[in-house]
Amino acid sequence: MNNLLFSMADLSASMVESLNNSLGIWYLIILNAFGVIAIICKILEYQSNSRLASLTLCTVACICWVAYFGLYGDFTSALTCFISIIRLLVFMQMGKHAWADSKLWVVLFFILQTLIVIFTFRIESIFAALAGFVGIAAYLMIDQRKYRALSFIYMALWVANGIINFYPIALISDSLSVVSVSIAIYRYDLCKNARKLQKAEKERAKNEEIEKNQD
């Protein structure tokens, strides 16, 4: 296993060096272009209250992240995002087709994510690995409130991944996504709850006033 991990690290370093030498400045331009597109999609994802729109935007972002992390030679992050694409495509069919509603998909995705961790793991990829598991739970959620809560944890793990590996574009994107999902939680969950509590309080006060006048 140690030999496998070392060979993966050597392959990663060799690939990045080769791409950098062959593409020159275009390597960074292409790398960052994928990151910028992903940033836009992730910000829009959490501002939508539609599950289908959120999953579609996330799928496009994941495609870009596969390319981004692949160009960086980070196989754990790239494969985690690739599995996310398959997972999202399946989850988008939930409620529409019986095959997509099978609980076996969740088991399969957990197994695949575990295999990715085993065969591509580096200590620097610990947060990406954890994000993969949290992402399975987050995008499985039909309830948008639970989806947003788990997405906050999911994106926070990707922020940690960007910090530990120093991925500037990914770090910017994931940080903005944390802000975006926080705003969405405030808009769609906390504010609604606050309004419900205020309405309930007004109704209670009104009923008490009516009862008092009747007495």
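**A buried serine, a helix pair and a loop residue**

Let us begin with Ser177, which lies in helix H8, spanning residues 168-214. Please bear in mind throughout that this is a predicted model. Is Ser177 buried or exposed? Its relative accessibility is 0%, and because buried means under 20%, Ser177 counts as buried. Which residues does Ser177 contact, once neighbours within four places in sequence are set aside? They are Lys42, Tyr46 and Met155.

I turn next to a pair of helices. Helix H4, residues 75-91, packs against helix H5, residues 104-120, with the axes 10 Å apart and at an angle of about 170 degrees. Since angles over 145 degrees count as roughly antiparallel, H4 is roughly antiparallel to H5. On the H4 side, the contact is made by Phe75, Thr76, Leu79, Thr80, Ile83, Ile86, Arg87, Val90 and Phe91. H5 contributes Trp105, Phe109, Leu112, Gln113, Ile116 and Thr120. By residue class, this contact of H4 with H5 comprises 10 nonpolar, 4 polar and 1 charged.

My last item is Phe166, located in the loop between helix H7, residues 144-165, and H8. Phe166 is not a glycine, yet its phi is positive, at about 50 degrees. Where does Phe166 stand in terms of accessibility, buried or exposed? Its relative accessibility is 63%, and because exposed means over 50%, Phe166 counts as exposed.

How values were computed:
Residues are numbered from 1 along each chain as its sequence is written. This is a predicted model: local features need pLDDT of at least 70, side-chain atom pairs count only at pLDDT 80 or more; totals for chains, interfaces and linings use all residues. Side-chain values use heavy atoms; hydrogens and water are left out. Helices (H or I, at least four residues) and strands (E, at least two) are DSSP runs, numbered from the N terminus. Buried means under 20% relative accessible area, exposed over 50%, partly exposed in between (1.4 Å probe, protein chains only). Contact means heavy atoms within 4.5 Å. Axes are lines fitted to C-alpha atoms, for helices over the stretch in contact, and angles run from 0 to 180 degrees between N-to-C directions. Angles under 35 degrees count as roughly parallel, over 145 as roughly antiparallel, 65 to 115 as roughly perpendicular and the rest as oblique. Ala, Val, Leu, Ile, Met, Phe, Trp, Tyr, Cys and Pro count as nonpolar, Asp, Glu, Lys and Arg as charged, and the others, Gly among them, as polar.
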